[in-house]
Amino acid sequence: MRNQNSILNRNHDQIEALIESKNVSIAQLILILENVNSIELKHKTALRLHDIGDLSALSALVKEIQKDDNKNYRGTLVYSCGAFDCSEYLDFFINLIINDSTEVAMTAVLIIEEMERLKKDQITKELDRLDKILDQQKENHNKEFLEEVIQILRNKLDDF
């Protein structure tokens, strides 16, 4: 708790220096990501977590993407997930494609394309859901990305 307060009580420049420090820990970066209000610092932290590539950061990144406060600033947070195999979050990234901006949707497609640990039933479930969504929503603003994901998932299903 004391360490947490000492990190969060620093000013913007001090936190930025810590983010860029070689000695910063994953736990410290996650603490910063989850608690600072500055979008700039959140993005720098997310990018640092991306560069480090420690899988323990993935759930924190996903939580940040889900926060309403970050709704208009998700692009970098989503991009930062690209350093990880996000297979367990397939439905989450598909929801981003359905509901979010073009930038976020495009990045989510790239992340789905790189997923390596998808399960057959997971793919089948999402393909069924995507087919229903496309039938119901003739004009989704990210329709082309949804169609691309369907093709990606069908190709992955063929690999089983």
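Tutor: The chain has 10 helices and 0 strands. This is a predicted model, and its C-alpha atoms fill a box of roughly 50 × 30 × 20 Å along the principal axes.

Student: How many of the residues are buried, and what makes a residue count as buried?

Tutor: A residue is called buried when its relative accessible area is under 20%. Buried residues account for 46% of the 160 residues in the chain. The accessible surface of the chain comes to about 8,900 Å², with 45% of that surface belonging to carbon and sulfur atoms.

Student: Why is Leu96 called buried?

Tutor: Leu96 has a relative accessible area of 7%. The cut-off for buried is under 20%, therefore Leu96 is classed as buried.

Student: Where does Leu96 lie, and which residues does Leu96 touch?

Tutor: Leu96 belongs to helix H7. Leaving aside residues up to four places away in sequence, Leu96 touches Ile65, Val78, Val104 and Ala108. What makes these contacts is a heavy-atom separation within 4.5 Å. As for Glu126, 30 residues from Leu96 along the chain, the two C-alpha atoms are separated by 13 Å.

Student: Which residues of helix H5 are buried, and against which helices do they pack?

Tutor: In helix H5 (residues 58-66), the buried residues are Leu58, Ala60, Leu61, Val62, Glu64 and Ile65. They pack against H3, H4, helix H6 (74-80) and helix H7 (90-99).

Student: What is the angle between helix H3 and helix H4, and how far apart are their axes?

Tutor: Helix H3 (residues 26-35) and helix H4 (residues 39-52) pack at an angle of about 150 degrees, and their axes are 9 Å apart.

Student: Why is H3 called roughly antiparallel to H4?

Tutor: Angles over 145 degrees count as roughly antiparallel. The angle here is about 150 degrees, so H3 is roughly antiparallel to H4.

Student: Which residues make the contact between H3 and H4?

Tutor: H3 contributes Ile26, Leu29, Ile32, Leu33 and Glu34, while H4 contributes Lys42, Thr45, Ala46, Arg48, Leu49 and Ile52. By class, this contact has 7 nonpolar, 1 polar and 3 charged residues. The crossing of H3 past H4 is left-handed.

Student: Among contacts between residues at least 6 apart in sequence, what share joins residues at least 24 apart?

Tutor: Of those contacts in the chain, 67% join residues at least 24 apart.

Note on methods:
Residues numbered from 1 in each chain as written. Predicted model: local features only at pLDDT ≥ 70, side-chain atom pairs only at ≥ 80, totals over all residues. Heavy atoms only, no water. Axes fitted to C-alpha atoms, helices over the stretch in contact; angles between N-to-C directions. Helix = DSSP H or I, 4+ residues; strand = E, 2+ residues; numbered from the N terminus. Parallel < 35°, antiparallel > 145°, perpendicular 65-115°, else oblique. Left-handed = near helix turned anticlockwise from the far one by under 90°. Nonpolar A, V, L, I, M, F, W, Y, C, P; charged D, E, K, R; others polar. Buried < 20%, exposed > 50% of the residue type's maximum accessible area, 1.4 Å probe, protein only. Areas by Shrake-Rupley, 256 points an atom, 1.4 Å probe, with all protein chains shown as cover.
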